[in-house]
Amino acid sequence: MIPRTADGAPAAGAGATALLLAELTRNGRISLRLACSRLTTWESLLVQHVLGRGDVEFLAAGPAPAPAPAPDGPAGAATVTLTRSPLAGLSLWAPGEPPGPEAERVGGLRVPAEVLDAVGEETRVVEAREAADRYEADTLLRTWEKNGELDERLARLADWVERVESVYILIGRDVFSKSDAGTNTLTRQGLLTGLRASPVDDWRPADRLFVVLAYCLFVSGRSVRFEEFNGLQLSATGLREFLLDRHAQYCAALDRGPGSATGLTLLELAQLVRELMHDVDRSELMRYRRINGLTFVKNERLLDFPLPRDPVTMPELVARHGRLNLGVAPTGDVRADLRAMTLAAVALDATAEADPGPEPPAQGAVGELLAAVVLSSIVATDADYGMSSSVRDLSGLRGVRPGSPDGVLALKKGDFFCCCLPHPTRMAGVGDETAPILWRSAQRMMYNRWHFAPGEYDRAEIPEKRHYFFPPQVPDIAEHAEHHHGGHVASRVRYTIRAPGAQVWHPPFTVFGHGYRGCYDIRLVRMEGPPFTTAELAEAVRHCSLVDELWRTLAQGLQSGTLHVPPVAGFDRSWYESRGWERLRPFGLATRTPAALTPVVLAPATRTAVRADPV
């Protein structure tokens, strides 16, 4: 918030623009580049002109003045009104321009007339280029209308919008949004439905532009591309520059010449970017996304992270659990060793199922192996807590015919689970709140899994009323995740990492004739700073490779009939309320306490689990 001076007088000079800078960047929580990207052309240019000037004054908020285009105050100066709204943040209104009715007035800037002249001149240059690029977009839209394709494309766009969690795109002062945390102009308020019912000539210019540009964004990389402009201005020029930049980055990642992409239409350029994206996923650079929870923006980046992106050696905690509790001696082949651990855990679960004994392990040996991987990722990244979620019973994915979605569509939220664990020591200060925090997070992930489950099927195979999101495919790293999200606030989620599987540089996770992505993961959380780094993101990705091997081993054995794979047990309300994580043997290893149960060894010939005789 821009504060008043101690005596209520205007703040002047560099102090005034320093206050403006603090408000724009939310006191440094978002970059100036990102802050300016959500402003209109005129606003952004004004900010660039006034920052650091000594002849700009801040005027504290008072009664709203009547619009007056004439200069006020000192000779040659005029007042720019400043307002704030929850999602749009700070807005700057030209002298005489009435602020939006929903905006909170926070003050004004008295700006020299020559600065306003320069800003106006530069704005006209930018707007001339935008008008030329809009002509191309408008021509494409009218071609769709002439060919009778427009209604189908609008219906498709409306469906794509429903498959992404948050859309909050600005075109000038107009907002195109779909969010549970703010406005919803696109679907709940019926903007897209209204466009389908009216001819293009009756649309606002911003509506015409949004439809074409959003369509091109999806073509370039599914609906997650919408999120790259969340809280930002979307323009015809801006989209072309975005696609050209992405094309250049992808060509550089693939060591290819960029060719003549500048001569392509927007739709052709979007299609080319989409084609290159799949090749980049098998390159030495990894696509990931940076997320800012303050603005909803999710920007794709490339990280120098050569394949195969598996751990070079088995993480020590997982290796110790394998040796002591599963009887698997390491060979140096990480995936082969994890596969052997998984088979050993399945054998233990089969033995426990046949003879449960007085107190069978609540989460089973497979669940405990997954917990070892999750706990290792938490310790390796110094997270406060972390998790991995998926379907409890893989056989539930079986359809009436190979590849059909009826098995998935029959699943309920309770058919999924989330193994959510605390760091061995970092959450000590949370005390009795630990279990509620973990269980709330687990519930949210179970719901997300249910929501993502149909996302890799063709739209025509999913009933109209079954809502779902496209599952995440590339890793991401987020800051300020607690804003606009009640679940994150309740679970004290501020900084996060998500590493989804099956990873895009591997084939999809295929079971019963259908391939899935985003159906399991590693997620990590810090409740306080510092934010996670890309080195820690890479560590999460390596651990997700172990989760990937676990699920592929189970699926292969289940489909071939060589394994009896019981559902993953535990990780329910009673497990969390009873602090079940403290009974996990890997948790004992992580806290350097003796393992709670006697280690087991596997008889080599039968791979049957047997208890080791105490010495």
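Buried residues (under 20% relative accessible area with a 1.4 Å probe and protein chains only; exposed is over 50%, partly exposed in between) account for 54% of the 615 residues in the protein chain. The model is predicted, so local features need pLDDT of at least 70 and side-chain atom pairs count only at pLDDT 80 or more, while totals for chains, interfaces and linings use all residues. Residues are numbered from 1 along each chain as its sequence is written, and side-chain values use heavy atoms, with hydrogens and water left out.

**Exercise 1. Overall composition**

Task: State how many helices and strands the protein chain holds, and what percentage of its contacts between residues at least 6 apart in sequence join residues at least 24 apart.

Solution.
- Step 1. Helices (H or I, at least four residues) and strands (E, at least two) are DSSP runs, numbered from the N terminus.
- Step 2. The protein chain has 18 helices and 18 strands.
- Step 3. Contact means heavy atoms within 4.5 Å. Of the contacts between residues at least 6 apart in sequence, 71% join residues at least 24 apart.

**Exercise 2. The packing of α10, α11 and α12**

Task: Describe how α10 packs with α11, and then how α11 packs with α12.

Solution.
- Step 1. Axes are lines fitted to C-alpha atoms, for helices over the stretch in contact, and angles run from 0 to 180 degrees between N-to-C directions.
- Step 2. Helix α10 (residues 316-326) and helix α11 (residues 334-354) have axes 11 Å apart and pack at an angle of about 40°.
- Step 3. Angles under 35 degrees count as roughly parallel, over 145 as roughly antiparallel, 65 to 115 as roughly perpendicular and the rest as oblique. The helices α10 and α11 are therefore oblique to each other.
- Step 4. The crossing of α10 and α11 is left-handed, a term for a near helix turned anticlockwise from the far one by less than a right angle (right-handed if clockwise).
- Step 5. On the α10 side the contact involves V318, A319, G322, N325 and L326, which meet L338, M341, A344, A345 and L348 in α11. By class, this contact of α10 with α11 has eight nonpolar, two polar and no charged residues. Here Ala, Val, Leu, Ile, Met, Phe, Trp, Tyr, Cys and Pro count as nonpolar, Asp, Glu, Lys and Arg as charged, and the others, Gly among them, as polar.
- Step 6. For α11 and helix α12 (residues 364-381), the angle is about 145° and the axes are 6 Å apart. From α11, L338, M341, T342, A345, V346, L348 and D349 take part, and from α12, G364, A365, V366 and L369. The contact of α11 with α12 has eight nonpolar, two polar and one charged residues by class.

**Exercise 3. An aromatic pair**

Task: Classify the geometry of the pair F417 and W551, and locate both residues in the chain.

Solution.
- Step 1. Rings of Phe, Tyr and Trp (its six-membered ring) pair if their centres lie within 6.5 Å; planes under 30 degrees apart count as stacked, over 60 as edge-to-face and the rest as tilted.
- Step 2. The structure holds 16 aromatic pairs. For F417 and W551 the ring centres are 6.4 Å apart and the planes stand at 40°, so the pair is tilted.
- Step 3. F417 belongs to strand β11 (residues 416-422) and W551 to helix α16 (residues 534-560); the two are 134 residues apart, and the pair links distant parts of the chain.
- Step 4. Both F417 and W551 are buried. One aromatic cluster is formed by F417, W439, F509, Y520, W551, F571, W575 and Y576.

**Exercise 4. Backbone exceptions**

Task: Identify the type of peptide bond joining G501 and A502 and that from G529 to P530, then determine whether N27 is buried or exposed and whether F512 is buried or exposed.

Solution.
- Step 1. Most residues other than glycine have a negative phi, and most peptide bonds are trans.
- Step 2. G501 and A502 are joined by a cis peptide bond with omega of about 5°; A502 is in the loop between β13 (495-501) and β14 (509-511).
- Step 3. The bond from G529 to P530 is also cis, with omega near 5°, and P530 lies in the loop between β16 (520-526) and α16.
- Step 4. N27, which is not a glycine, has a positive phi of about 55°. N27 sits in the loop between α1 and α2 and is exposed, at a relative accessible area of 61%.
- Step 5. F512 has a positive phi near 55°. F512 is placed in the loop between β14 and β15 (514-516) and is buried, with a relative accessible area of 11%.
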